[in-house]
Amino acid sequence: MQPKSHLFKEESTKAIGDANLQSALKNLQTGFVAARARAADGLDEFEALRDEAVTLKDHILANLDFYLERFEEKVTEAGGTVHFCATAEEARQTILELCRRYGAKSVTKGKSMVAEEVALNPFLEANGIEPVETDLGEYIIQLAKEAPSHIIGPAVHKTKEQVSDLFHEHHAKYGRTERLTEAEDLVTEAREVLRQKYFDADVGITGANFLIAETGSTIIVTNEGNGDLTQMLPKAHVVISAIDKVVPTLEDVSTILRVLARSATGQEMSAYTTLSTGPKREGDLDGPEGFHVVLLDNGRSDLLGTDKQDLLRCIRCGACMNHCPVYTAVGGHAYGWVYPGPIGAALDPHIVGLEEARHLPNASTFCGRCEQVCPMRIPLPKIMRHWREEAFERGLPPARERLALKGWAWMARHPWAYRLAARIGIGVMGRLGRRRGGRFRDLPLARAWTKSRDMPAPEGRTFIDRWKAGERG
Amino acid sequence: MSANANARPRVGLFVTCLVDLYRPSVGFAAVKLLERGGCAVDAPLAQTCCGQPAYNSGDRADTAAIAKQVIEAFEGFDYVVAPSGSCAGMIRHHYPTLFADDGDWARRAADLGAKTFELVSFLTGVCGMTEVEAKLDRTVTYHDSCSGLRELKIKEQPRRLLATVDELELVELPTAETCCGFGGTFCIKYSDVSAEMVRRKSDDIQATGADLLLAGDMGCLLNMAGKLKREGADIQVRHVAEVLAGMTDGPAIGEEG
Ligand code: SF4
C-alpha cells in the first residue's frame, strides 16, 4: 500500500466530519473495550499470563536466527519450502512466481496484514491474476476498493447500510438482486458468493499468526473458518508472514493465544485455530500439493537490539486501537498506512520512513491507555517519544513550531524573564477576561483552541507573585 | 519523613505552570490541605514549569536543562508535591529516565523522583488523611486524568476523600478513564482531533446529570471547561483540591468573577 501518512492532519479532519464513519466508530469503541475488560477480569491470572507471553517473546527475539532456521528445517522436512524475503518487492515477486508455477488465474486469500504491507493485491491484478478476499471484512473493503482500517476488523469503518449497498451493487452479476438489510443475511449471501471462488482458485494465500519452530507449522486464528477453505482447496497454499511471528513450540503458542483472543475481541479463544504443516502427504484425502512460506523481513531485523525492539513483540491483536481515543475519533484510514492506531504510530515510521510518517507518533496525547491494555506490554508511548526525539534532532517539525517551542523553553529556563512575562501577560488576560465573563470565545493567537471551545480566563495574578507578596489563600 | 520525627515534613509545592498562571486558587487550596495534613509548605520562587512541552515535542536538551533547574530548586525539601498527576509523573518517572546515563544527575533525579507526589495521593498515602473538613451540596462527577491514573495509579484516593465531603454526591462518569483530548501541545497541533475528543467527553459529562465536574489536572480542566462553556452546559468545573479544601466560594473555571 502506498503510504499517505503525511496527510494525517487533512485526513483526520475529514474523518471527523464523516457521519457514516463516526457512527461506525462509535460501536467499535464501546463494544471492544467492554469485552476486553470482561475477559481480563474473568481470568485471575491474566496479568501473569501477559508477563509470561512477554518473557517468551523476548526470548524468541534474542534467538530469532535460531528459531527461524529451525522453522525452515521443519517446513522442508514436511515437504514445504520457506522463501526468505528481505523486501516487499522480493515478497511480491516470489508470490507471483509461485502463482505462475501453479498456473493460477485466480487466488483466494485469507486475511493477512503482511499481504497489505507488500501491496499484494494490486500487484497480482496488474499481472493478470484475480485475488479474492475470503475474510468477510476484507471482502467488503475489496468490493469498496479500500484498504483495511483496523488490523482485526478491516471493515469496522463501514456501517451495515454501506455493506448492504455494496453487496447490492456487486452481487447483481451473480443474480442476487434483492437488497438485504439484516447482518445475518448479508453474511450468508457473501458466503454463497464466495463458495464458487474457493473451487475456482488455483492458489490459496493466507497470513499466519504464528510459525511453530518445533513442527514447521503455520497457524491462523479466525472467527469465520474461511482460512481453512482458502488453504485446503487450491493446488498450492502460500503463507505470507513476517519473521517475528516464529514461536518455539505449540505449548508456547497456547500461552500467547490466550492473551490474544482476550485482548482482541474479548473472547476466551477465537473460534478457529488452524494449523498447516506441509503439503498433502501420500494417503491424505485432501490438502494442497504445494506448501510455501514467504517470510518477510522488511526492516524488522534492523529493530533488533535497538530501543524499538519491543515493537517486534506485537501480536496484532488490535487492543491498542480499540482503546485509543485518537484512533476511535478518526478511524484507521487517517493514519495513511497498513498499521493504524498506536502500533502504527510506533511502527510505521520505521517501515515507511520518518519523513512520511512524522505525524503519527505526534498525534497522540500520551494518555497511555494503549500500553495499559497491550497484552505484550509494548511501551508504545515511549517508542513514539523516541520518534519525536529523532524527528526533532533531524529538524523535521515545521520551523514555526520549533521556534515557538525554543522561545518557550528559553523562558522556562530563565525564571526572572518568565515571571516578568507571566505578570504582564496574565495581568492583561485577567482584566480582559473579567470583562468577558471569565472566558474568551475567540483568542486570535489561540484560534486552534477557540475554534471549538472557550478559553477560560486566568484569575489575574500568578500564584508565585501572590505567594511572594505573603498571601496565603 | 524528615530527620527529626517530631518536626513537620517540609514540602516544596511545585505549583505547576498552569496553576501558577491560570488558577492560583488551586495552589492556595493545595497549601491549605498540606498544612492540614501536617506539613510545612514552601513554594520556591525559582520554579517555572516541569518541562513537559519540550519533552513531549522531542526536545531532550531543553528538557534536561529545565529539569536540572527543578532538581536544584526542590532537592532540599523532604517532599515535592504538585496539584497535578501529569507534572508529578514527569518528575517522578521521566526525570530519572532523562538522566539515566548522566552520573551524578542520575542520582539526583532519582532521589527527587522518589519523593515527588501528586497532591491527593500524597494527602492520603503519606499524610494518612482519611477525611476532609468540607461541605458542598452538589452532585459531582470526576474525570481521571491520564497521567495521574496510569503513571501514578491515582483512582480511588480522590474518591475516598470526596466521599467525606458533607452533602456531596458523586456520580461516576462511565468514560472517566478516557482522555479528554488535551495532551499539552496536542490540543493545538492536532486541534480538530482534540476538539472531537473533548466533544465526546463533554457529551458524556452532561449525560451524568452532575452539576460539577472535578479532576486533578489543570490542563484537562481548562479543556473540558472550555468545551462545556462553549456548549452552554450548566455544569461548573473545578480542581478537586478546591473542593477538598472547602474553597469553592470563588468563581469556577471559566466563570465570571
Ligand atoms: S501493540 Fe499491543 S495492543 Fe497493539 S496490536 Fe500489538 S500487541 Fe496488540
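Analyst: Let's start with the rule for holes: on a 1 Å grid over the protein atoms alone, a cavity is a set of points where a 1.4 Å probe fits but cannot get out. Lining residues have an atom within 4 Å of a point. Points are joined across faces, edges and corners, and a volume is the space filled by probe spheres set on them. By this rule there are four cavities of 30 Å³ or more. This is a predicted model, where local features need pLDDT of at least 70 and side-chain atom pairs pLDDT 80 or more, while totals for chains, interfaces and linings use all residues. Residues count from 1 along each chain as written, chains are lettered from A and ligands numbered from 1 in written order, and side-chain values use heavy atoms, without hydrogens or water.

User: What makes up the lining of the largest cavity?

Analyst: The largest cavity, at about 140 Å³, has 19 lining residues, with Cys324(A), Pro342(A), Ser364(A), Cys370(A) and Met384(A) nearest its centre. In chain A, α15 (325–330), α16 (341–352), α19 (369–373) and α20 (380–393) each give two or more of them; helices here are DSSP runs of H or I, at least four residues, and strands are E runs of at least two. α16(A) gives the most, three residues.

User: Why is the second largest one called a pocket?

Analyst: Because a pocket is an open set with protein on both sides within 12 Å along at least five of seven lines. The second largest pocket holds about 1200 Å³ and is lined by 49 residues, among them Asp135(A) and Glu224(A) close to its centre. α2(A) gives the most, with four. By class, that lining is 26 nonpolar, 16 polar and seven charged.

User: Which domains of chain A does that lining draw on?

Analyst: It takes at least three residues from each of domain 1 (1–42 + 318–397) and domain 2 (52–302). The bounds come from an automatic or database domain assignment.

User: How do you know how domains 1 and 2 of chain A meet?

Analyst: Contact means heavy atoms within 4.5 Å, and 26 residues of domain 1 touch 30 of domain 2 in that sense. They bury about 2400 Å², with carbon and sulfur atoms giving 65%; that is accessible area (1.4 Å probe) lost on putting two parts together, summed over both. Met1(A), His333(A) and Met376(A) lose the most on the domain 1 side, together 23% of what it buries.

User: Why is Asp20(B) with Arg419(A) called a salt bridge?

Analyst: A salt bridge is a side-chain nitrogen of Lys or Arg within 4 Å of a carboxyl oxygen of Asp or Glu. Their closest N and O atoms are 2.4 Å apart, so the pair qualifies. The interface of chains B and A has nine salt bridges. It buries about 6000 Å², 60% of it on carbon and sulfur atoms. Phe28(B), Tyr190(B) and Arg230(B) lose the most area on the chain B side, together 13% of what that side buries.

User: What about salt bridges between the two domains of chain B?

Analyst: There is one across that interface. Arg23(B) and Glu242(B) form a salt bridge, at 2.9 Å between the closest N and O atoms. Domain 1 (10–125) and domain 2 (130–245) of chain B bury about 2100 Å² between them.

Terms used
Ala, Val, Leu, Ile, Met, Phe, Trp, Tyr, Cys and Pro count as nonpolar, Asp, Glu, Lys and Arg as charged, and the others, Gly among them, as polar.
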